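This report takes up a pocket, a nonpolar core and several individual residues in turn. The sequence and the structure come before the discussion.

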Amino acid sequence: MGEAYQIRDQEMPYFFTFQVVGWADVFSRKTYRDFILENLTYCRKEKGLFLFGYVIMTNHLHLVVQQKDGKLSDWVRDFKKFTSKKLLKMILENPQESRKEWLKMIFAYHAKLNKRAGEMQFWTHENHAIELYRTEMIESRMHYIHENPVRAGIVEKPEDYMCSSARNYAGLEGLIEVDYW
């Protein structure tokens, strides 16, 4: 991991990018997106997470978060570990998953490239952690997150993308609650 992208101040808000290995389009399936949303909701309620902003794209997610207890690194580790194990299991046991063998091949290939991974790897090890120590930085990253589906050509307006906190900030009903900054 690059020196520039390490979590230095555990109590500050951070921007993260969690990327699926091989840029595999796992989150094109609703069931896997819903699982991430359920986990973010759980982390807000039970793990002391402030979730200021999020977007779930097909192969990655962006978050602006802060940890109430000053244990942000622990949260990232636990979130990625739990979700990777569960998502791998969900994919491999999903009878409707038509891409099962292809995804399994991608996850196994990337695990072989990494000594820390087991037989399969879901997330890349990089988090692209950026400390947001000024209000302008938070605003910039929130804008980046919310514009992601627009730049990808999926929607015309950020609030039209269901799997994003842009809906919450536009005064619409979001799929999950967020903590407004």
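## The second largest pocket

In this predicted model, the largest share of the lining of the second largest pocket, 6 residues, is supplied by H2. The volume of this second largest pocket is about 210 Å³, and the elements that give two or more residues to its lining are helix H1 (30-46) and helix H2 (72-93).

The lining consists of Asn-39, Tyr-42, Cys-43, Lys-47, Gln-67, Lys-71, Asp-74, Trp-75, Asp-78, Phe-79, Phe-82 and Thr-83. By residue class, the lining of the second largest pocket divides into 5 nonpolar, 3 polar and 4 charged residues.

## The largest nonpolar core

In soluble globular proteins, nonpolar side chains tend to be buried together. Here the largest nonpolar core has 52 residues, and those with the most contacts inside it are Val-26, Phe-27, Ile-36, Trp-75, Phe-107 and Phe-122. Two or more residues of this core come from each of strand E1 (14-19), H1, strand E2 (49-56), E3, H2, helix H3 (100-112) and helix H4 (135-151), and the element that gives the most is H2, with 8 residues.

## Two buried residues with polar contacts

Gln-66 is found in strand E3 (residues 60-67) and counts as buried because its relative accessible area, 18%, is under the 20% cut-off. A polar atom of the Gln-66 side chain lies 2.6 Å from the backbone oxygen of Glu-11. When residues up to four places away in sequence are not counted, Gln-66 touches Glu-11, Met-12, Pro-13, Gly-48, Leu-49, Phe-50, Phe-52 and Leu-72.

Arg-99 has its place in the loop between H2 and H3, and at 15% relative accessibility Arg-99 also counts as buried. The side chain of Arg-99 has a polar atom 2.7 Å from the backbone oxygen of Asp-25, and, with residues up to four places away in sequence not counted, Arg-99 touches Asp-25, Val-26, Ser-28, Arg-29 and Tyr-32. Arg-99 and Val-26 are 73 residues apart along the chain, while their C-alpha atoms are separated by 9.4 Å.

## Positive phi values and a partly exposed glutamine

Most residues other than glycine have a negative phi, and most peptide bonds are trans. Trp-23, in the loop between E1 and H1, has a positive phi of about 50 degrees although it is not a glycine; with a relative accessible area of 46%, Trp-23 is partly exposed. His-128, which is found in the loop between H3 and strand E4 (130-131), likewise has a positive phi, near 50 degrees, and His-128 is partly exposed at a relative accessible area of 29%.

Gln-6 belongs to the segment before E1 and counts as partly exposed, at 28% relative accessibility. From C-alpha to C-alpha, Gln-6 and Glu-126 are 9.4 Å apart in space, although 120 residues apart in sequence.

Key: Residues are numbered from 1 along each chain as its sequence is written. This is a predicted model: local features need pLDDT of at least 70, side-chain atom pairs count only at pLDDT 80 or more; totals for chains, interfaces and linings use all residues. Side-chain values use heavy atoms; hydrogens and water are left out. On a 1 Å grid over the protein atoms alone, a cavity is a set of points where a 1.4 Å probe fits but cannot get out, and a pocket is an open set with protein on both sides within 12 Å along at least five of seven lines; lining residues have an atom within 4 Å of a point. Grid points are joined across faces, edges and corners, and a volume is the space filled by probe spheres set on the points. Helices (H or I, at least four residues) and strands (E, at least two) are DSSP runs, numbered from the N terminus. Ala, Val, Leu, Ile, Met, Phe, Trp, Tyr, Cys and Pro count as nonpolar, Asp, Glu, Lys and Arg as charged, and the others, Gly among them, as polar. Buried means under 20% relative accessible area, exposed over 50%, partly exposed in between (1.4 Å probe, protein chains only). A polar contact is a pair of N or O atoms within 3.5 Å; within protein, one must be able to donate a hydrogen and the other to accept it, and residues adjacent in sequence count only if both atoms are side-chain atoms. Contact means heavy atoms within 4.5 Å. A nonpolar core is a set of buried Ala, Val, Leu, Ile, Met, Phe, Trp, Tyr and Cys residues joined through side-chain atoms within 4.5 Å.
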